[in-house]
Amino acid sequence: MMGDKVEPRIGVFVCHCGHNIAGVVDVAAVAKMAMSLPYVVFSTDYMFMCADAGQQLIRDKVKELNLNRVVVASCSPRMHEPTFRRVVEESGLNRYLFDQVNLREQVSWCHMRQPKEATEKAMDLVRMSVARAAQLQSLPIKSVNVTPRTLVVGGGIAGLRASLDIAERGFEVVLVERLPELGGHVRKWTHLFPADESGAQIIGPLVKDVEKHRSIKVMQNSEVVEFGGYVGNFTAKIKNHETGRTKSVDVGAVIMATGFEPFRPFGYYGYGESPDIITLAELQELPPRADLLRPSDGKKVNKLAFIGCVGSREAGKQGHEHCSRHCCSAVAKAASDLKDKVGEVMILYQDIRTYGRGHEELYRLARSKFVIYSRFPKDSKPDVQVTANGITMRWYDVLSGDYLEFEPDLLVLASAMVPPGDIAETAKMFGLTRSADGFFNPEHIKLAPLTTHTAGVMIAGAAQAAKNASESVVDASGAAAKAVSLMARGQVEIESTVSHVIPELCSSCRTCVTACPYGAISMDKSREPAVALVTEAKCHGCGTCAAACPSNAIIMYHSTDDQIMAMVEAFLCTPAQVEGGTA
Amino acid sequence: MSQSQNETVVPEHWEPRILAYCCNWCSYAGADLAGTSRIQYPPNARILRVNCTGRIDPEFILAALEMGADGVLVSGCHPGDCHYTSGNLKLRARWALLEKVIEQSGVDPRRVRLQWASASEAQIFADGVKELTEQVRKIGPIRSEWK
């Protein structure tokens, strides 16, 4: 874009990442090899490039040696590309004059027992990156305004908390809830741990505050049916299922608080075969009363049983490998509450994980009330038979080393938290990826758990993973803070990696117009003949148009044909290869 | 130029050289996850990150084969899961034609592989690299087809 006519002067920095990379890859050899590559004027290996001293090294070397391109060979660019772009910028260079080589996630960690081959791969990747770096061009840094309004999707405890936090900070919120009533799952629950309040008591005031806040527009019975735009400038079409009317709203940020669904464990422990076998969620939703009555005949429950980890922690079963995290504590709470109403309570478990503040106390409370905990082995699940006489459970008790039997009046299955049935469509609409457990993927599990790879779209609560209500609220306030900081700044920098049509080369075939998924390319009729023109604000930078253009008239900035082909060539046409050596 | 596999003589100490085009959002992230999960797979592939598989001009693949890549892997988001809505579908459409071109040019079409691997499918990504590497290892160096 901007002419960088000066000859490239490339600096290569190879990171040890402590032992993470250097333990497998011969980083010194990689750095030495890099010194022999075209345009490289400096190359070194260093313990931690992302640390302050590593960053300073880049700044110093850029100044000292007048570098105009920087290559860092370290971790995945998905982790530290923003860090190093900033460092490069602080050194006085354009942030796009930086390229990162992934030597950790894609070399040392996945070829741990092949140091020689890993080092060869690392050298090839550095060679490719240096070739690309020589072709890199400065791009203008662009900012756009942020619409000071946030869309919150989902009116459960996370969505409500996030909406209130944002509104209290003085920004507008549009809260969309699919159901007629706000409050999500928590509203229906009778035994909410760790405190002694019911779900309704917790959620009631929150709903009231949200409904009366003038900065929050609540849209119940509604769903987002269309979503588009980019950070700071999204447009959502929201359809009301009652009226059938669709409304379009402009927002600057989005918080996804779409929550979970309690897994309905058909095929597990006789679920569905008897009305007296219910899930923990179904138990929570029974209307509170003095006695616990069994659903089949309304008789008082005397013997109550729970089974833990139903549809959770099943290695190898997709979508059911995760621990659902809330169930151990929720079962302990429900069991100790209900022990006062029934004669005997039996809990069958694999492991007990009452990890949160106040949760262990619930476990102790249940124990002190003589709730019986019996551990069964992971590979030998309890057997549940439903007969005309009722329910019979038989299992191997690990601690006594013997088979035990119990005939509960009511059996409660602590079933998994799974994503809502339509999460795939939701993910597609908002451009989000999902983790192995099926929930939305955060941008980074440790460093950025509330943001996603779609800039401006945050995730909170059980939309991200199985969580309890307190954790969801923490998330919600965090995601709200993210949205608020985006809106408070008023402006946000956007990627300059967009495509551009060279009018002189365009043959007016319109292939790109149909190829673009965003309708960002139109025909510029002010020219004769009309040629393709990219509306940069609408371009997301996928490059599909550049690949489709039969006239090579489209440049995809920062991913140009020249940059890509330089990498291919650097890998395949190195002098050693021509002489018949092998990688 | 021969398609017959019987004639291929695989030189000793030869290792297939694979170029892997991965989209940033699904497969590149899946490859990262493979590393984070310490999944071990053959070190033959060199990953080249593109924003979207829709960015991949068939020319990029043909050129790589011409320059001596023994195999080319393209790995992207599952159809319907594209970060850019439909870039992968555009690539898939080009792919059908590309396979024909490769075959007609006399190169064994088993040297190229198109796969879908999401950000969470580290194992699928690693298995894809492994399968293509092993497949290409059987076929032999691409130079043996330059007759």
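User: What makes the largest nonpolar core a core, and which residues have the most contacts inside it?

Analyst: A nonpolar core is a set of buried Ala, Val, Leu, Ile, Met, Phe, Trp, Tyr and Cys residues joined through C-beta atoms within 7 Å. A residue is buried if 20 or more other C-beta atoms lie within 10 Å of its own, exposed if 12 or fewer, and partly exposed in between, with C-beta atoms placed from the backbone. In this predicted model, the largest such set has 124 residues, and those with the most contacts inside it are Val12(A), Val30(A), Ala73(A), Val126(A), Val130(A) and Ala20(B). Helix H5(A) gives the most to this core, with 10 residues. At least three residues come from each of domain 1 (1-141 + 557-583) and domain 4 (498-556) of chain A. In soluble globular proteins, nonpolar side chains tend to be buried together.

User: With which residues is Ala73(A) in contact, leaving aside its neighbours within four places in sequence?

Analyst: Two residues are in contact if their C-beta atoms, placed from the backbone, lie within 7 Å. With those neighbours left aside, the partners of Ala73(A) are Val12(A), Phe13(A), Val14(A), Cys15(A), Val30(A), Val101(A), Leu103(A) and Val126(A). A second, separate core of 106 residues includes Ile157(A), Leu283(A), Val384(A) and Ala480(A).

User: Why is H6(A) described as largely enclosed by the rest of the structure?

Analyst: Helices (H or I, at least four residues) and strands (E, at least two) are DSSP runs, numbered from the N terminus. Helix H6 of chain A covers residues 157-168, and its 12 residues reach 16 Å from the first C-alpha to the last, close to the 16 Å expected at 1.5 Å a residue. That expected span is 1.5 Å times one less than the number of residues. Since 11 of the 12 residues of H6(A) are buried, the helix is largely enclosed. Among the buried residues are Ile157(A), Leu160(A), Arg161(A) and Asp165(A). Their cover includes strand S6 (149-153), helix H7 (199-212) and helix H12 (469-489) of chain A. Just after H6(A), Gly170(A) takes a positive phi of about 95°.

User: Why is Tyr39(A) called partly exposed, and why is Asn66(A) called exposed?

Analyst: Tyr39(A) has 14 C-beta neighbours inside 10 Å and therefore counts as partly exposed. Asn66(A) has 11 such neighbours and therefore counts as exposed. Tyr39(A) is found in the loop between helix H1 (27-35) and strand S2 (40-46) of chain A, and its phi is positive, about 70°, although it is not a glycine. Asn66(A) lies in the loop between helix H2 (52-65) and strand S3 (69-74) of chain A; its phi, about 60°, is also positive although Asn66(A) is not a glycine.

User: How many residues does each chain bring to the contact between chain A and chain B?

Analyst: Chain A brings 48 residues and chain B brings 45. On the chain A side, helices H4 (104-108), H5 (115-135), H14 (544-548) and H15 (561-572) each supply at least two residues. The largest share, 7 residues, comes from H15(A). The chain A side divides into 22 nonpolar, 16 polar and 10 charged residues, where Ala, Val, Leu, Ile, Met, Phe, Trp, Tyr, Cys and Pro count as nonpolar, Asp, Glu, Lys and Arg as charged, and the others, Gly among them, as polar.

Key: Residues are numbered from 1 along each chain as its sequence is written. Chains are lettered from A and ligands numbered from 1 in the order in which they are written. This is a predicted model: local features need pLDDT of at least 70, side-chain atom pairs count only at pLDDT 80 or more; totals for chains, interfaces and linings use all residues. Domain bounds come from an automatic or database domain assignment.
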